[in-house]
Amino acid sequence: MSDFKMETKCVQSGWTPKNGESRVLPIYQSTTFKYDTSDQMGRLFDLEDSGYFYTRLQNPTNDAVAAKICDLEGGVAAMLTSSGQAANFYAIINIAEAGDHIICVSAIYGGTYNLYAHTIKKLGIEATFVDPEVSREDLEAAFQDNTKAVFGESISNPSLVVLDFEKFADAAHSHGVPFIVDNTFPTPINCRPFEWGVDIVTHSTTKYMDGHATCVGGAIVDSGNFDWDAHADKYPGLTAPDETYHGVVYTQKFGKGAYITKATVQLMRDLGSIQSPQNAFYLNLGLETLHLRVPRHCENAKKVAQYLQNHEKVAWVNTPELEGNEYYERAQKYMPNGTCGVITFGLKGGRDASVRMMDNLKMVAIVTHVADARSCVLHPASHTHRQMNDQELLEAGVKPDLIRFSVGIENAEDIIADVEQALAAV
Ligand SMILES: *Cc1c(COP(=O)(O)O)cnc(C)c1O
């Protein structure tokens with residue numbers, strides 16, 4: 001980790017050119033890398049030397065950007081993935097296999113819910129979903145002998161639950177399993193989960209990190225804090241020989257880098273969900289202004305939320321930015337400088353009025369995406385969470401009339417003016 005402050009890390013971390021090299025991070029638009037001798041390349045395949053040989057596993061542009069995200073989170077190792085979905089998939093299957101079990105906080109992104117509730121189940125990994133406000137007693141009861149991880153989102157998309165980091169970290173660690181958190185919404189600018197006991201952080205870099213809605217991508221960052229060897233029987237993939245590399249034992253050979261190294265040389269090798277170097281380059285441009293954009297998103301979101309709260313046609317507004325919100329106090333503790341630019345609200349006219357209001361917006365667009373420079377809205381019950389039944393919707397904290405409003409970094413008065421005319425038309 002560098003000693004720089006966050007703003008400097010956003011601009012400077014990752015790529016440090018040597019004398020005469022490109023000042024700006026170069027795009028290594030190459031699938032492959034050249035070696036002088038056959039033996040040198042052979043040593044790479046044995047993990048005896050570190051180096052690049054094929055971009056399905058690793059690429060220097062990607063690694064520079066991963067190093068910046070690693071520095072921002074305060075971790076020891078990181079990797080980029082082709083999407084946030086790939087990051088959350090790899091984060092689990094790097095340590096769990098058929099016959100294993102995970103505990104997942106129920107208030108999470110719809111795509112992650114599908115992945116953990118349905119797709120990894122087909123691979124033999126069962127997930128138990130627990131309420132974010134689950135009592136410690138009920139949380140304890142969710143653990144099984146084969147539990148390998150606890151997963152949550154620092155601020156859930158779209159229900160905006162602020163995670164009780166310490167409760168879940170403490171429970172996970174008392175059962176000898178790591179706590180994995182998706183930190184997409186607050187970004188490391190507003191929240192650094194490793195400071196609250198989280199072991200592994202994931203990101204959909206598609207959102208604020210890219211910030212311009214140009215590239216789908218993901219990242220996994222390891223704090224290096226979880227002691228795999230202390231629970232070696234649970235994590236043989238990290239602590240027992242890997243025959244596909246002549247019996248290498250990741251924790252012995254790579255120490256605190258074991259988790260990310262295994263995910264790179266084994267999962268990326270076999271499943272190949274690498275981010276393209278071109279996308280990593282764009283992601284890096286986004287990261288260079290993350291510290292400027294995120295506070296403005298939060299400031300604008302708060303102004304829009306305050307406006308909506310006082311509007312006669314609005315039934316409710318949800319954002320931990322507002323005093324009186326059930327997660328306001330917790331947000332003050334874990335992310336005192338701000339939460340995120342996403343807010344939700346519903347209209348007194350219910351589901352139909354919410355949809356009609358959205359249809360009347362002029363500048364603010366209806367898009368699936370969230371968390372980029374441009375203000376946008378989405379109706380989860382009709383869009384992202386369409387596949388969920390009413391019970392699942394409620395468990396995920398999504399009301400049928402809920403509009404997810406991703407407040408951008410335009411002038412707040414222009415955003416509010418657009419909302420005002422759309423509400424007038426309902
Ligand atoms: C969007 C999102 C994901 C999925 O990321 P993709 O980059 O779209 O694959 C995961 N988690 C959260 C919190 C998200 O908002």
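Visitor: Is Leu 423 buried or exposed?

Guide: Start with relative accessible area. Under 20% counts as buried. In this predicted model, Leu 423 has a relative accessible area of 0%, so Leu 423 is buried.

Visitor: Where is Leu 423, and which residues is Leu 423 in contact with, leaving aside neighbours within four places in sequence?

Guide: Leu 423 lies in helix α17. With those neighbours left aside, its contacts are Tyr 307, Leu 308, His 311, Lys 313, Val 314, Leu 347 and Met 357. Take His 311: 112 residues separate it from Leu 423 along the chain, yet their C-alpha atoms are 9.0 Å apart.

Visitor: How do helices α13 and α17 pack?

Guide: Look at the angle and the distance between axes. Helix α13 covers residues 290–309, and helix α17 covers residues 412–424. They pack at about 30°, with axes 10 Å apart. Angles under 35 degrees count as roughly parallel, so α13 and α17 are roughly parallel to each other. The crossing of α13 past α17 is right-handed.

Visitor: Which residues make the contact?

Guide: From α13 come Asn 300, Lys 303, Val 304, Tyr 307 and Leu 308. From α17 come Ala 412, Ile 415, Ile 416, Val 419, Glu 420 and Leu 423. By class, eight are nonpolar, one is polar and two are charged.

Visitor: What does UniProt list for Lys 207?

Guide: An unreviewed UniProt entry lists Lys 207 as "modified residue: N6-(pyridoxal phosphate)lysine". In the model, Lys 207 sits in the loop between β6 (200–204) and β7 (218–222). Its relative accessibility is 10%, so Lys 207 counts as buried. Not counting residues up to four places away in sequence, Lys 207 touches Thr 184, His 369, Val 370 and Ala 371.

Technical notes
Residues numbered from 1 in each chain as written. Predicted model: local features only at pLDDT ≥ 70, side-chain atom pairs only at ≥ 80, totals over all residues. Heavy atoms only, no water. Axes fitted to C-alpha atoms, helices over the stretch in contact; angles between N-to-C directions. Helix = DSSP H or I, 4+ residues; strand = E, 2+ residues; numbered from the N terminus. Parallel < 35°, antiparallel > 145°, perpendicular 65-115°, else oblique. Left-handed = near helix turned anticlockwise from the far one by under 90°. Contact = heavy atoms within 4.5 Å. Nonpolar A, V, L, I, M, F, W, Y, C, P; charged D, E, K, R; others polar. Buried < 20%, exposed > 50% of the residue type's maximum accessible area, 1.4 Å probe, protein only. UniProt positions renumbered as here; feature names shortened; annotations may be inferred.
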